[in-house]
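Grab a pencil and work through the exercises on the structure below. Each task comes with a worked solution.

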Amino acid sequence: MFRKQFGVETGDLLLIGIGYADMRKGFDLFLQLWRVLASRTGGGRRRHRRVHCLWLGNLDPMLRTYLGTEIEAARATGTFHMPGHVPDAPDHLSAADVFVLTSREDPLPSVVLEALASGLSVVAFDESGGIPDLLRRFGTGALVPLGDVGAMAREATSLAQECHDGRATDRARTGRAVARQLGFDRYVSGLLALAQPALRRISVVVPSYNYARYMRQRLASIFAQGHPVLEVVVLDDASADDSVQEAHAAALEWGRQVRVVAQTRNSGSVFKQWQRAAATAKGDWIWIAEADDAADPRLLETLAQALENAPRAVLAFCDSRAVDSEGLTVSESYKPYYATTAGTILEADGLHEGPAFVRSCLGERNLILNVSGVLFNRTALRAAMARCGEELLSFRMAGDWRLYIEMLNQEGAQVAYVAEPLNIHRRHGDSTTHRLAAQKHLGEVARIHRLIGRQPELLDEDRMRQRAYRAQLAEQFGLKLAGE
């Protein structure tokens, strides 16, 4: 559409320059460039493939005074275009074949970064600022001697022909590669790291399987967090509903970037998705925010603050408010449940030594009831997963419990706890726990108890509490405890 708007016909080449048209930006050199190209192609005549030159940006009044006549003559040929200032340049960049930077001096113009992200090759003058080093790094363009317009014309025409004839490197692939390294999000993250070097780099990973119904609410609760996040990744486990579309729609609605990693085959294990989350995330800390849950906007900043006084913490977690599938509150807090086995330990904020926490809060039952309320140290999480190996995937219900024990039962490990229910845990009537065969459920609890039972510091009273819990579950399921 944009090529037709400027009379760029099939077979024509289009070179683009962007900026405030003054001497520093080398607009006069851009005009010279057009003149050289016009003389080689016969201007508007059809001796050779026509080359169009398009400049976006307002013209400096002084240059208008001195170059006005030349500009009008160039425009009259139909191959020199100056639409002036435009609010957005991506469509124009997409229509072009090559970006030419005629600046005599320019530190690191963002328009070149936009051009590279659009997959365009760039031709620039050497020794003109930071762009030459960037082009050498990516190898997407050419450098010519400072002020050598003839050399710029040759290189720009050659690269434009390659692009137009489909012989250049795939633009989409080039654009993605450049955007990954030079995207605005990385730039802002870099600035934030310089301004607040102690700020925790948090990745948010949303494992999802057929949760389109809740996806927008879940992502909204992530986007509303007061603590900045490094990235938001949605891991879709081959959903049969509109989960992926809903994720993209939510990102568009909020004007946020979300990376969607969609599997073509279901993994069959929520804990395999957790492994993918730990492998995919780039941050030092990771929030595995399950797709059907939600959160108070203060969750991340509060957990991050709790970690400030916990230098050896491998994870931090908070209390949760439970809701049903329709969002109606089931319980305002899990503290009454905590008290059944841990007494008053989780009544208030606290920092706990890992092994002691395992004995008091994970020895009988799992009191970290929902992963969406947990902030993990990614290095510690990946190490624990590696130590668990394939065993982790053998669990259907208690894999999270197994993983917490593995993380916290290490020398020096700590866990930070926030007593405020900032996590919103959605409990479904047909949740995995309820669907599991009762015998398997009970069997996984027994496996965890045997694991903890190998610890020499476990007391007889602890083992009695474990047996009482298994008996309670057996009665609930209508089973008999094997061998007991």
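**Exercises: a helix and some rings**

Just after helix 6, G139 has a positive phi of about 65 degrees (helices are DSSP runs of H or I, at least four residues, and strands are runs of E, at least two, numbered from the N terminus). This is a predicted model, where local features need pLDDT of at least 70, side-chain atom pairs count only at pLDDT 80 or more, and totals for chains, interfaces and linings use all residues. Residues are numbered from 1 along each chain as its sequence is written, and side-chain values use heavy atoms, with hydrogens and water left out.

**Exercise 1.** Find the buried residues of helix 6 and say how they are arranged.

Start with burial: buried means under 20% relative accessible area, exposed over 50%, partly exposed in between (1.4 Å probe, protein chains only). In helix 6 (residues 131-138), I131, P132, L134, L135 and F138 are buried. Looking down the axis of helix 6, these fall within an arc of 160 degrees, so they line one face (the arc is taken from the directions from the helix axis to the C-beta atoms).

**Exercise 2.** Classify the ring pair F27 and F30.

Rings of Phe, Tyr and Trp (its six-membered ring) pair if their centres lie within 6.5 Å; planes under 30 degrees apart are stacked, over 60 edge-to-face, the rest tilted. That rule gives 13 aromatic pairs. For F27 and F30, the centres are 6.4 Å apart and the planes at 25 degrees, so this pair is stacked. F27 is buried, at 0% relative accessible area.
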